[in-house]
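These are my notes from going through one model.

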Amino acid sequence: MKKVTFLIVTVLVFGVANLANAVVPVDKKKASHGLNIEIPTHAMIALAGPSSKEIDFEANAADVAGDKVSFSQKNETTLWLNYSSLVTEDNSNTISAEITEVPDGLTIEVAVSNAASGNKKGHTGKGYKKALTTDGVQVVDDIKTCYTGTGENNGHELVYSVSADESKYDEIVADSHHLTVTYTITEK
């Protein structure tokens with residue numbers, strides 16, 4: 001009887017072991033591990049155009065006595081606003097422009113092309129025409145994850161204009177002004 005009991009126990013042990021192997025197969029042809037990717041927010045901005053990146057305006061005397069002075073651009077400089085942006089899901093970036101000084105009696109405007117052009121990818125922002133101030137004004141908004149491409153003819157074209165402020169015309173004086181316009185990209 002001891003031999004029969006031992007035989008039954010042995011068969012049960014080996015049977016259960018084989019059953020366990022059949023239920024949980026071990027695949028020796030695969031291996032795996034975790035992979036973590038961290039993507040931080042990112043924002044960069046640059047101006048593209050001629051190496052001097054200076055735009056020259058001059059006042060033109062009126063052609064007829066009694067008319068006001070007008071302003072024209074002396075050089076054919078075209079500047080482009082290039083940027084790269086990587087934002088979190090519900091955020092966006094904006095670009096503001098500020099000028100070091102607005103000479104008395106003048107209005108200085110920048111028209112930022114409505115849409116980016118060139119080699120852009122992603123959700124580029126929308127540009128606006130605004131009068132520049134020393135406190136800064138928002139000129140591009142709704143920038144999501146994107147890039148505009150680099151260099152001329154990529155991004156937003158910048159077109160400047162200078163005009164006499166009718167309500168402050170008497171404040172204009174003959175002088176030379178060397179101004180700086182600074183663009184800043186920030187998370188909204």
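I began with the cut-offs for accessibility: a residue is buried under 20% relative accessible area, exposed over 50% and partly exposed in between. Lys-129, at 55% relative accessibility, therefore counts as exposed. The model is a predicted one.

**Entry: overall make-up.** I looked up the elements and found one helix and 13 strands in the protein. Of the 188 residues, 25% count as buried. I also noted the contacts with a separation of 6 or more: residues 24 or more positions apart account for 75% of them.

**Entry: salt bridges.** How many salt bridges does a search of the whole structure find? I got two.

One of them joins Glu-166 and Lys-68, with the closest N and O atoms 2.6 Å apart. Glu-166 sits in the loop between S12 and S13, and Lys-68 in the loop between strand S2 (57–60) and strand S3 (70–73), so the pair ties together parts that are 98 residues apart in sequence. I checked the accessibility of both partners. Glu-166 is exposed, at 54% relative accessible area, while Lys-68 is partly exposed at 46%.

In the other, Lys-129 pairs with Glu-109, and here the closest N and O atoms are 3.6 Å apart. This pair links distant parts of the chain, 20 residues apart: Lys-129 belongs to strand S9 (residues 129–131) and Glu-109 to strand S6 (residues 106–112). Glu-109 has 25% relative accessibility and so counts as partly exposed.

**Entry: negative patch.** Which residues form the negative surface patch? I listed Glu-101, Asp-104, Asp-170, Glu-171 and Asp-175. I followed up Asp-175, which is placed in the loop between strand S12 (156–164) and strand S13 (181–187). Its relative accessibility is 57%, so Asp-175 counts as exposed.

**Entry: two loop residues.** Is Ser-92 buried or exposed? Ser-92 counts as buried because its relative accessibility is 9%. I placed Ser-92 in the loop between strand S4 (79–86) and strand S5 (93–99). Leaving out residues up to four places away in sequence, Ser-92 touches Val-87, Asp-142, Ile-143, Lys-144, Thr-186, Glu-187 and Lys-188.

Asn-154 was the next loop residue I looked up; it lies between strand S11 (146–147) and S12. At 6% relative accessibility, Asn-154 counts as buried. With residues up to four places away in sequence left out, I found Asn-154 touching Trp-80, Leu-81, Asn-82, Ser-117, Gly-118, Asn-119, Thr-148 and Gly-149.

**Entry: a strand residue.** I ended with Ala-43, in strand S1 (residues 42–48). Ala-43 counts as partly exposed because its relative accessibility is 37%. Which residues does Ala-43 touch, not counting residues up to four places away in sequence? I found Ser-84, Asn-93 and Ile-185. I also checked Ala-43 against Ser-85: their C-alpha atoms are 4.5 Å apart in space, and the two residues are 42 residues apart in sequence.

Notes: Residues are numbered from 1 along each chain as its sequence is written. This is a predicted model: local features need pLDDT of at least 70, side-chain atom pairs count only at pLDDT 80 or more; totals for chains, interfaces and linings use all residues. Side-chain values use heavy atoms; hydrogens and water are left out. Patches are made of residues with over 30% relative accessible area and no salt bridge: like charges are joined within 9 Å, nonpolar side chains (Val, Leu, Ile, Met, Phe, Trp, Tyr) within 5 Å. Accessible areas come from the Shrake-Rupley method with a 1.4 Å probe; for residues, only the protein chains shown count as cover. A salt bridge is a side-chain nitrogen of Lys or Arg within 4 Å of a carboxyl oxygen of Asp or Glu. Lys and Arg count as positive and Asp and Glu as negative; His and the chain ends are not counted. The place of a charge is taken as NZ of Lys, CZ of Arg, CG of Asp or CD of Glu. Helices (H or I, at least four residues) and strands (E, at least two) are DSSP runs, numbered from the N terminus. Buried means under 20% relative accessible area, exposed over 50%, partly exposed in between (1.4 Å probe, protein chains only). Contact means heavy atoms within 4.5 Å.
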